[in-house]
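Please keep the structure in view while reading.

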Amino acid sequence: MLKKTQKITVREIARRTGYAHCTVARALSDAGNVAVETRSRILSAARELGYIGKNRTNIAVVVPAFGNDVCFYNTSIIHALSAQLDSEEFQYELIPENHLRSFNEKIIDGAISLCYTGKTARRWSELNPIPLVCINDFSYHSDRIYSVCSNDRMAMSAIVAHLRTAGHSRVLYIDRKPTAGNLNHTRRKECFRELAAQSGITPFHAGLSDRSDWGAYLRREKLTAIICPFEMTDLSLFADLRRQGLRIPQDVELIHWYIPHISDTLMPGQFTIRQDFPALARRAVALLKELLAGKYRIQDVLVDYIIGG
């Protein structure tokens, strides 16, 4: 359970640690001229006492260690969250998830995680006492770790309703290569299977790496729609389908997560769905503010998708 924040002053930290007021002030402001060991002790005491600086609230935005895997989803959620934090005049910095221990060198009031494998949330309680809001990661929960996630069941309900209306009864569902701890794609797939079965729709499954012979497979199995349930619908997928003689949408409908420019230019008129990134960011910041205010028994948040581009 979170305790309400008490007003802790620089003078109180100086009294508790035995350092001079000016030394504590320099350490908290990262102004230099403070020994590393001294600064570490002062910051540790400040965190334990619940010190919040006089300036804007300091927020850490924890981001995945991307490597080469930077896609539309990553850039969109970072952009939306940065815009929201700027609009509310928060002070924030981006910290890679593999640098979580660097929090011990900073005064951070709260954090928002954009990591979706569950590792950050699980390690958080061991490393940091500050509140955390996870976007699209519902794998771990405590009295100071909550989540704001896109409503995948709502998305799959909309897709199945469209398939039924359009007369699609046999469809190809693209499986993404599993990522350890990422429950989002697993949840989407389970929801789709359940709702498709209720509507008499038969899903077939294949991975993106199998698409070299999709043309023959789709014709042989008489599949009339492809569902690509993530923000990875790119030019190569579209080109592969066209190369195999498949016309979109005349031969097969490509139902996918909306990507600006690609969806509008190459696949106009297709059924698309997209995550509401500004709403995810707005609700995450609002939830973190509640946690910083000492509130608890807060509900996790689901954000509806947007149908169409």
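## Salt-bridge network

D152, R187 and R188 are linked in a network of salt bridges, a salt bridge being a side-chain nitrogen of Lys or Arg within 4 Å of a carboxyl oxygen of Asp or Glu. The model is predicted, so local features need pLDDT of at least 70 and side-chain atom pairs count only at pLDDT 80 or more, whereas totals for chains, interfaces and linings use all residues. Residues are numbered from 1 along each chain as its sequence is written, and side-chain values use heavy atoms, with hydrogens and water left out.

R187 is found in helix α7 (residues 183-198), where helices (H or I, at least four residues) and strands (E, at least two) are DSSP runs numbered from the N terminus. The side chains of R187 and D152 are joined by a polar contact of 2.9 Å, that is, a pair of N or O atoms within 3.5 Å, of which, within protein, one must be able to donate a hydrogen and the other to accept it, residues adjacent in sequence counting only if both atoms are side-chain atoms.

## Other salt bridges

The count of salt bridges comes to nine. One of them pairs E88 with K289, the closest N and O atoms being 2.8 Å apart; this pair links distant parts of the chain, with E88 in the loop between α4 and β2 (91-96) and K289 in helix α11, 201 residues apart. E88 has a relative accessible area of 29% and is partly exposed, a class between buried (under 20%) and exposed (over 50%), with a 1.4 Å probe and protein chains only; K289, at 39%, is partly exposed.

D175 and K189 also meet in a salt bridge (3.3 Å, N to O), D175 lying in strand β6 (residues 170-175) and K189 in helix α7.

## Helix α6

Helix α6 (residues 152-166) has 15 residues and should span 21 Å, which agrees with its end C-alpha atoms being 21 Å apart; the expected span is 1.5 Å times one less than the number of residues. Its buried residues include D152, A155, M156 and H162, and the helix is followed by G167, whose phi is positive, near 85°.

## Nonpolar cores

The largest nonpolar core has 31 residues, and among those with the most contacts inside it are I77, I112 and I135; such a core is a set of buried Ala, Val, Leu, Ile, Met, Phe, Trp, Tyr and Cys residues joined through side-chain atoms within 4.5 Å. Helix α11 gives the most to this core, with ten residues. Apart from it lies another core, of 21 residues, among them L237 and I248.
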